[in-house]
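User: Can you walk me through the ring contacts in this one? Start with the term I'll need.

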Amino acid sequence: MYGTVMTSMRRKRWYERRWWKVVSWTAVVLVWIAAVLLAAVWFYVRSGLPQTDGVIEAPVGSEVRVDRDERGVAQISGESAEDVFFAQGYVMAQDRMFQMDMTRRQAGGRLAEVIGPQAVESDEYFRTYGMHRGTEALTAEFNEETEAMVTAFADGVTAYIEEASSAGELPLEFQVLGYEPEAWTPEDTAIAVKYMGYTLNGNFSEELRNYELLRRFGEEASFYFPDYEEAGEYPAILDGVETAGTDLPALAAGPELGMAPEWTPDPWNGSNNWAVSGEHTDTGLPMLANDPHLGLAIPAVWYQTQLEIEGDFSSMGVTVPGIPGVVLGHNGSVSWGVTSLSADYEDVYLERQDPERPSFYLYDGEYEAAEVIEEEIFVDGEEEPRIHRVEVTRNGPVMNHVEEEGPVSAYSLRWTGMEPGEELNGILRVNRAETVDEFSEGLEGFVTPGLSWMFADTEGGIGFRGQALLPVRPSSTGQLPVPGWDPAYQWDGFIPGEELPQELNPESGYLMTANHQPVPADAYPYEIGRNFLPFRAVRLEELLQERIGAEDPVVLEDMKQMQQDITNTQARELVPLLTEAAASWTEADGGTDMEGEALGSWSATEEEALALLSDWDFREETDSAAALVYQLWYEGLPETLFERHLDITLPDHLTRQRVLTEGAASGTVFSGLEGVEERSIERVIRETFHDAVTRAVELQGDEASGWAWGDYHQLEINHPLGGVFPFNYVLNLGGDALPGSGMTPGAVSYNIETGGADHSAGWRFVSDLQDPEDVLLPGQSGQWLSPHYDDQLDTWVEGAYGTMRFTEPEESLEFRPEQEGDTADE
């Protein structure tokens, strides 16, 4: 025993053993190496942050001053317009060069050059769509001033590229991908304009889906087409004028066309804006609010900017990276903002090929030669370019060949955004406008994007104008593909500018747009679209009428609260239908879960969830259990109702609304569809609600009272490199619980699979025509480790704003003319 004790005492403790020393020292060394590497990366990235103080000699004619405020927003002032725009290009590139380069590459189909083969399909799609082929027509519209503005801006961007490249100080993304950006050109700015218009198009995919419905289920399937006026009694922006709508064209059974590619834009990009007359405000001046809703990203879609040109104009607001000037904001006399007009700018044309000559397409009884373009797509890592063949008919580029023989062999796409326009000429006009009349006139000639402009001036005027190039369709509603060989379906020109929806100084004392119908279809002489969104407009109209009808005048704080209101008026309509149908359900109505197992009586959790909905005030607070239940039910309908029973996903909100409301009235859904079993509304509600509660239990447990909308609905902002480890941990942002949804004025749409809130008002703006305020999510700079990469995120999440007025600059940079003998390289 003594020997055993002594042996035990002689054993080394675990931390004294050799293997542990080796492991521990190895760990220390690895941690030290990782720390050194991280420090090196940090130092390298920090050293590449842009110069924001001091003096830069540049090819300018006179001194330009760039003062940055505490948010990193640059106020650029100078005597010459060209010099100011040069500085704007340079400064914008300092903050957003990678974003600008990705925009021109995405839109122009040139991503594979730097990303590799995985981007080839995207490049083929965009080369076919052809925005890069439309830039020449746009630049040809530049007047002398605009040409000087865009050229100076491009020169400023290029000056930054050359300096950063030669110094080895390009932003992190270029270093990771291993390439240097090319010089910026006026054509690059033109394609940025086209791409912004492209992001607000959604009709291409909608027409293909409508066609597929008819092909599968017969003419009764037209019931499932999105149609604003058939979905309910909802407001229009204007009352309209005398006329009638057009009839839905009959379309014969045809071949399968398929669905639109994944790169087609989100059809629900939208926004809110409104203006209140000074008769109803505390200042006696009008007030205006704007919050454009787009996909959230790093860097932000918008770029804050301020320009002061001596003897010309002084504007503050935002622009789109790659585009000079101030696109939205305030110039001292006028404040303005935009929403998507949500009209229909695209048409799909069915095409008939000549069996003997594949590049010839039928039109008016004869075959015409299509323009054949061989696009060279260069791919990183490949020596020779890939050749992508594009055919362009009189109707537009052929997007897809559908079958070798038959009455329909392809379809093409026509988009008004390919027409030349005066968008960049107009930027200067609206920045100089001093009244709402001048501002409205300044919009003449804007082609794309199609926007609802809202504006107000210091003389007390308020105005709205829906501005876009909208086709005149003599034989179509634009809801379905049309025969490209029939002259009757050609566009008959475009709606004259003076006949576009517009109004100044209404008797109501306010104007508001929120992607709802500009004018009733039966009270307007042209077919401009059917798919508009009513629900945010319903709530904003309630709030505006309530505030204007109150004894106290409207104050700027009221505008902020309206901008972030979280009442869901669509839920207010649908929840009573849901709960009534649920209360009426019996086992005789039937119903199965997603695995086909029969559903019995309501579970305790389901009954608790129904009770929560019955008591809900329809406000989507972060701690609301009812909001979570409703959203999982409603946003699950494309899968749990349509895809499950029709084998086709119908995500459109108007379609869902109409199917449920008319199903509740008639008692059934899917009636009249060829080959589809009719189902009672009670069974539909039983099945879809069961699926929603099952999902809620998986996410947050089986105690419904403990569920919370904000535990699921959380901010998610991803960087282009954020999908690659380890950049996802350092470049992506988010995690904050957010209220609201896509149907509330405080719009925050989300990914139904993850709950990630990834679509919202990345820029919020309110103006009393004196001291405008705004906030940009997540911040001004796209450069990681910049103090302005995410410094406005908390402000945005808290619902706060920052002043746009400059006080004392935090940093000051001067551009001075080059001394004699200097060169741009020096």
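Analyst: A charge sits over a ring if NZ of Lys or CZ of Arg is within 6 Å of the ring centre and within 35 degrees of the ring normal. This is a predicted model: local features need pLDDT of at least 70, side-chain atom pairs count only at pLDDT 80 or more, and totals for chains, interfaces and linings use all residues. Residues are numbered from 1 along each chain as its sequence is written, and side-chain values use heavy atoms, with hydrogens and water left out.

User: OK, what lies over the face of Trp 796?

Analyst: Arg 764, at 4.2 Å from the ring centre. Arg 394 has its charged end over the ring of Tyr 363, 3.7 Å from the centre.

User: Switching to ring pairs. How many aromatic pairs are there?

Analyst: The structure holds 34. Rings of Phe, Tyr and Trp (its six-membered ring) pair if their centres lie within 6.5 Å; planes under 30 degrees apart are stacked, over 60 edge-to-face, the rest tilted. Tyr 524 and Tyr 526 pair edge-to-face, 5.7 Å centre to centre with 70° between the planes.

User: And how do Trp 616 and Tyr 630 pair?

Analyst: Tilted: 5.7 Å centre to centre, 45° between the planes. Trp 616 lies in the loop between helix H17 (604–614) and helix H18 (625–646), and Tyr 630 in helix H18, so the pair ties together parts 14 residues apart in sequence. Helices are DSSP runs (H or I, at least four residues), numbered from the N terminus.

User: Is Trp 616 buried or exposed?

Analyst: Buried, at 8% relative accessible area. Tyr 630 is buried too, at 0%. Buried means under 20%, exposed over 50%, partly exposed in between (1.4 Å probe, protein chains only).

Definitions and conventions: Helix = DSSP H or I, 4+ residues; strand = E, 2+ residues; numbered from the N terminus.
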